[in-house]
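Here's a quick tour for anyone meeting this structure for the first time. Take a look at the sequence and the model, then read on.

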Amino acid sequence: MNPTLWRRLLAEFIGTAMLVTAVVGSGVMATRLTDDIGLQLLENSVATAFALGALILTFGPVSGAHFNPVVSAADWFLGRRTGTGLPGRDLAGYVAAQVAGAIGGSVLANLMFKLPAVDFATKDRTGSDLWLGEIVATAGLLLLIFALTRSGRAAVAPAAVGAYIGAAYWFTSSTSFANPAVTIGRAFSDTFAGIAPGSVPGFVAAQLAGLVIGAGLLLALYPSVGSAAGDVLVPHPDDESRQLRNHGGTTR
C-alpha cells in the first residue's frame with residue numbers, strides 16, 4: 001500500500017496542526033496554572049515533547065511525519081541523487097500543508113481556551129542571540145534525525161526527537177522553535193508561546209541557515225546519508241517500495 005499524495009498532505013496538515021495546538025495550548029494552560037515563568041516553560045516543554053513523539057508515531061506511517069519544512073527540504077536535498085526521501089514534486093505541497101496546519105493549530109488552541117480565533121502575538125523575539133539559538137536548534141535537529149536513519153535506528157526517532165526538542169527548550173536562547181511552519185503558526189496567538197509577526201522573518205532565516213549548516217555537517221559525517229533519506233522520520237510504505245525498486249527488488 002503506497003500512500004497517495006493527498007493522504008500524505010492530509011497527514012502533514014493534521015500532524016502539524018496538532019503539534020502547534022499542543023505547543024500553544026500547553027503554554028496557555030501553564031500560564032493559567034502558575035505565575036512562575038520557569039515552571040511555565042517546564043510544563044510547555046514537557047507537553048510539547050510528549051505530543052511530538054506521539055504524533056510522529058501516529059502519522060509517520062503515512063507521510064513520514066515531517067511537520068517541518070526544514071526536515072522536508074533536507075529530506076529532498078539529501079535523497080535527490082539516490083531517488084529516496086521526499087520527491088521534489090511533492091516538496092511544495094508538504095510545505096504548504098505544514099504552514100496551513102500550523103496556522104490552523106494555533107487557531108484551534110485559541111478557540112479551546114476561549115481566546116479570539118486569530119490574535120496576532122505581540123511578544124518580540126529578535127536579536128542575534130536568539131537567531132544563533134535557532135541555528136543551533138535546527139542544525140542539531142537535522143543531525144539527530146538523519147543520523148538515526150543512516151544508522152538504521154529510525155524506529156527510535158519518535159522518542160529521540162521528542163526528547164531533543166524538550167531539551168532544546170532549555171539549552172537554546174530561543175527556546176528551540178526549529179521549524180518555519182511552527183514559527184509562522186505561533187504568530188497567530190498572543191499567548192505564552194506566541195511570536196510577534198515582525199520577529200518571524202529573523203527566526204525563519206536562522207532556521208534556513210541551520211538547514212544549510214546541518215545538511216553540510218551530515219554530508220561530511222555521513223557521506224552516504226542520502227541512501228537512508230526514505231526513512232525520515234518513520235519509514236512508510238511508499239519509501240520502502242521506492243528503495244526496493246532502487247535495489248532491483250520487488251514488493252507485494
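This is a predicted model: local features need pLDDT of at least 70, side-chain atom pairs count only at pLDDT 80 or more; totals for chains, interfaces and linings use all residues.

- Ser 26 is buried, its relative accessible area being 12%; "buried" means under 20% relative accessible area, "exposed" over 50%, and "partly exposed" in between, using a 1.4 Å probe and protein chains only.
- Setting aside neighbours within four places in sequence, Ser 26 is in contact with Thr 21, Asn 44, Ala 47 and Thr 48, where contact means heavy atoms within 4.5 Å.
- Over in helix α4 (residues 88–112) you'll find Ala 97, which counts as buried because its relative accessibility is 10%.
- Once neighbours within four places in sequence are left out, Ala 97 is in contact with Leu 9, Glu 12 and Phe 13.
- Ala 97 and Phe 59 sit 38 residues apart in sequence, and their C-alpha atoms are 14 Å apart in space.
- Two packed helices are described by the angle between their axes and the distance between the axes.
- For α1 and α4, that angle is about 35 degrees and the axes are 6 Å apart; the axes are lines fitted to C-alpha atoms, for helices over the stretch in contact, and angles run from 0 to 180 degrees between N-to-C directions.
- The contact of α1 with α4 has 13 nonpolar, 9 polar and 3 charged residues; Ala, Val, Leu, Ile, Met, Phe, Trp, Tyr, Cys and Pro count as nonpolar, Asp, Glu, Lys and Arg as charged, and the others, Gly among them, as polar.

- Helix α3 is largely enclosed by the rest of the structure, because 9 of its 11 residues are buried.
- Those buried residues are Pro 69, Val 70, Val 71, Ser 72, Ala 73, Ala 74, Asp 75, Leu 78 and Gly 79.
- They pack against α4, α5, α7 and α8 (200–221).
- Arg 81 is in the loop between α3 (69–79) and α4, and at 74% relative accessibility Arg 81 counts as exposed.
- Arg 81 and Gly 226 are 145 residues apart along the chain, yet their C-alpha atoms are separated by 7.5 Å.

**The loop between α4 and α5**

- Ala 121 lies in this loop and counts as buried, at 6% relative accessibility.
- The C-alpha atoms of Ala 121 and Gly 194 are separated by 5.2 Å, although the two residues are 73 apart along the chain.

**The loop between α6 and α7**

- Thr 175 is part of this loop and has a positive phi of about 60 degrees, although it is not a glycine.
- With a relative accessible area of 15%, Thr 175 is buried.
- Ser 176 also has its place in the loop between α6 and α7, and is buried with a relative accessible area of 3%.
- Leaving out residues up to four places away in sequence, Ser 176 touches Glu 134, Ala 137, Ile 165, Ala 168 and Tyr 169.
- Ala 178, in the loop between α6 and α7 too, isn't a glycine either, but has a positive phi of about 55 degrees.
- Ala 178 counts as buried, at 1% relative accessibility.

Conventions: Residues are numbered from 1 along each chain as its sequence is written. Side-chain values use heavy atoms; hydrogens and water are left out. Helices (H or I, at least four residues) and strands (E, at least two) are DSSP runs, numbered from the N terminus.
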